[in-house]
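Below is a short briefing on one protein model. It covers strand pairing, a metal site and charged side chains.

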Amino acid sequence: MKRILMAGMLAVSAATTAYAADVKVSDAWTRATAPGQDGAMIQLVITSKKAAKLVGVACKDANMSEMHSMVMEGDLMKMRQVDAIELPAGKAVDLGEAGYHLMLIGLKKPLVAGKKTNCEMVVRGADGKDTKVQVISKIKPLAESAHHEHMHHH
Ligand SMILES: [Cu+2]
């Protein structure tokens, strides 16, 4: 009897974090920063079981974190802050492919290849309830082709 009760309690406590388990984040990454660079972009894939919205982000290594969209204006790639990113139920949203990224502004320290950087995202369900989702991003080496960083408007 006692065992069954414990199993039940475990299931309940799993369910609390679990709303977080309803949201899956994978392939989160950014690039190592060049000397003097004080901003960075994070890409990731996010899947929410239920229809939801990504409504906020806070990253440990940055003074400010935002969600950005990228749009081509003529030959120029421009970035804009967005308030929310739609997460259709069960659909893997690749921020990069969807034209979004997370933006770290005012880095507190350089991002070093091979290390990781942590962020916390806020996902709002259709019921208005917010869930915090941890994101651990791999830091890839700075590549020559990391062109986006140079178009940064901040
Ligand atoms: Cu940006």
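Two strands count as paired if DSSP finds at least two bridges between them; strands (E, at least two residues) and helices (H or I, at least four) are DSSP runs numbered from the N terminus. The model is predicted, so local features need pLDDT of at least 70 and side-chain atom pairs count only at pLDDT 80 or more, while totals for chains, interfaces and linings use all residues. Residues are numbered from 1 along each chain as its sequence is written, and side-chain values use heavy atoms, with hydrogens and water left out.

**Strands**

- Strand 3 (residues 52-59) pairs with strand 9 in the antiparallel sense over seven bridges, and Ala-58 has Glu-120 in strand 9 as its bridge partner.
- Strands 9 and 10 form a hairpin with four residues between them, and Gly-128 in the turn has a positive phi of about 85°.
- Buried means under 20% relative accessible area, exposed over 50% and partly exposed in between, with a 1.4 Å probe and protein chains only.

**Copper site**

- His-68 (ND1), Met-79 (SD), His-101 (NE2) and Met-103 (SD) are the protein donors of the copper ion, at 2.1 to 2.5 Å from it.
- Donors are N, O and S atoms within 2.8 Å of the metal (3.2 Å for Na, K and Ca); water is not among the atoms, so sites may look incomplete.
- His-68 in strand 4 (residues 62-73) and Met-103 in strand 8 (residues 100-107) are 35 residues apart, a link between distant parts of the chain.
- Both His-68 and Met-103 are buried.
- Along the chain, the donors follow the spacing H-x10-M-x21-H-x1-M.

**Charged side chains**

- The count of salt bridges comes to eight, each being a side-chain nitrogen of Lys or Arg within 4 Å of a carboxyl oxygen of Asp or Glu.
- Asp-22 and Lys-50 form a salt bridge at 3.6 Å, N to O; Asp-22 is buried at 16% relative accessible area, and Lys-50 is partly exposed at 43%.
- Arg-80 and Glu-73 meet in a salt bridge at 2.7 Å, N to O.
- Asp-130 and Arg-124 meet in another at 2.6 Å, N to O.
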